[in-house]
Structure formats: structure tokens, C-alpha cells
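Here are my notes on this one, as numbered points. Have the model open while you read.

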Amino acid sequence: GETGVKSVQTIPSSRLLSTLEQKVWLRPLLEAALATLPTGSVPALADWKLRDDSAIYDLEHFDGLRTAVVMANGLVGQFCCALKLKGRKEPLATWFKLQENAPFGHFAYLLRAIEQTIRQNRTVYPVERTLLTTGILDRVMQSHARGGERLETPELAIDRKSTRLNSSHSSV
């Protein structure tokens, strides 16, 4: 389940590298994620040439979970992810292979959810998921506009349960 997001902070490109040096929990995860990329070696942190639109979106959840989205624009053009599991020393990491040309297969699950919503005449996942993700995006953009101010987000105390899509009706 999900307990919602307690606070958000956008860390702009001007502070991105120093933040990665300071946040001891974040750097090993970023390095593990980058190691999954098929593009070869990633330059040392000090040699990164990032665009001005790079940022870190730092989220603190009500249940104590910390998440960060690192938008290292200019470093790589890929998506990857890493996470630390309790009781496991090394992070788990993966690369998301996106289909860069039509038919854009990485949208298949979104299309499946839309199709099932239409067929079943009801949403196939809780509306709270959309409220939470939209609320997070709104607040990180507000933090960005305020120069990276940390914003408390009591309105994002949205409980939701994770769901599985029933794929038996989909032909995507």
C-alpha cells in the first residue's frame, strides 16, 4: 500500500552534484541504477556535464520511505531505477528499455488500463493513484519555482492499496 507523501523538495541542477555528495543514501542507489545501462561507462560524478534543466525530486513519505527521482539530463537518455531493501546489503537495480519508435510498447500497460476501464465501465485502479501522482508533480514544480524550497504536503496524505491489472481481457 501507499501512505502518501509528507514533503517534497526539488533540488536544481546548480546543487545536484553537491547534493549527491551529501545524501549518503542516494549516491549508491544512483550508481547501482546507472550501472544497469547498456550505454557503457558513466563518467565520474565530478565530470558530469548536466543541462540546466536537471534536478532531483526528493520525496519523504509518511511511512518513512524516502524516494528520489534524479533527472540527470545530458548524462544519459535512458531510464533506470535502484532500491534498497531492508536486510539486503546491495541495492537492486534495473534498466527500463523503452521502445523509442512506434508502436511505443512501453505504453502497453496504460493502454490496457484504459481498455479495461472502458470495457468494465469502472476504473481498474483506485483514483487515489492519479491524485497522488498528480499532486506530487504539482508540488515538485512549486518547489522548483520557489528555488528548491522544501514543501510540506499534508494534502498528499493519500492512502491507497496497490492493485494488479487483470490481463485476461486485454489484447495489447
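1. Some ground rules. Helices (H or I, at least four residues) and strands (E, at least two) are DSSP runs, numbered from the N terminus. This is a predicted model, in which local features need pLDDT of at least 70 and side-chain atom pairs count only at pLDDT 80 or more, while totals for chains, interfaces and linings use all residues. Residues are numbered from 1 along each chain as its sequence is written, and side-chain values use heavy atoms, with hydrogens and water left out.

2. The overall layout. The chain has 4 helices and 6 strands, and in sequence order they run β-α-α-β-β-β-β-α-α-β. The C-alpha trace spans about 50 × 40 × 35 Å along its principal axes. Of the 172 residues, 30% are buried (under 20% relative accessible area with a 1.4 Å probe, protein chains only; exposed is over 50%, partly exposed in between).

3. Helix H4, residues 127-145. Its 19 residues should span 27 Å at 1.5 Å a residue, and the end C-alpha atoms do sit 27 Å apart (the expected span is 1.5 Å times one less than the number of residues). Buried here are Leu132, Gly135, Ile136, Arg139, Val140 and Ser143. They cover an arc of only 130° around the axis, so they share the same side of H4 (the arc is that of the directions from the helix axis to the C-beta atoms). An α-helix has 3.6 residues a turn, so residues three or four places apart point the same way. Val127, Leu137 and Ala145, on the other side of H4, are exposed.

4. What covers the buried residues of H4? Strands S1 (5-12), S2 (55-61) and S6 (151-152) are among the elements that do, with contact meaning heavy atoms within 4.5 Å. After H4 comes glycine 147, with a positive phi near 75°.

5. Helix H3, residues 108-120. Its 13 residues reach 18 Å from first C-alpha to last, close to the 18 Å expected at 1.5 Å a residue. Ala108, Arg112, Ala113, Glu115 and Gln116 are its buried residues. Their arc is only 165° around the axis, which puts them on the same side of H3. H3 is followed by asparagine 121, whose phi is also positive, near 55°.

6. Is threonine 19 buried or exposed? Threonine 19 is buried, because its relative accessible area is 6%. Leaving aside residues up to four places away in sequence, threonine 19 touches Ile11 and Ile56.
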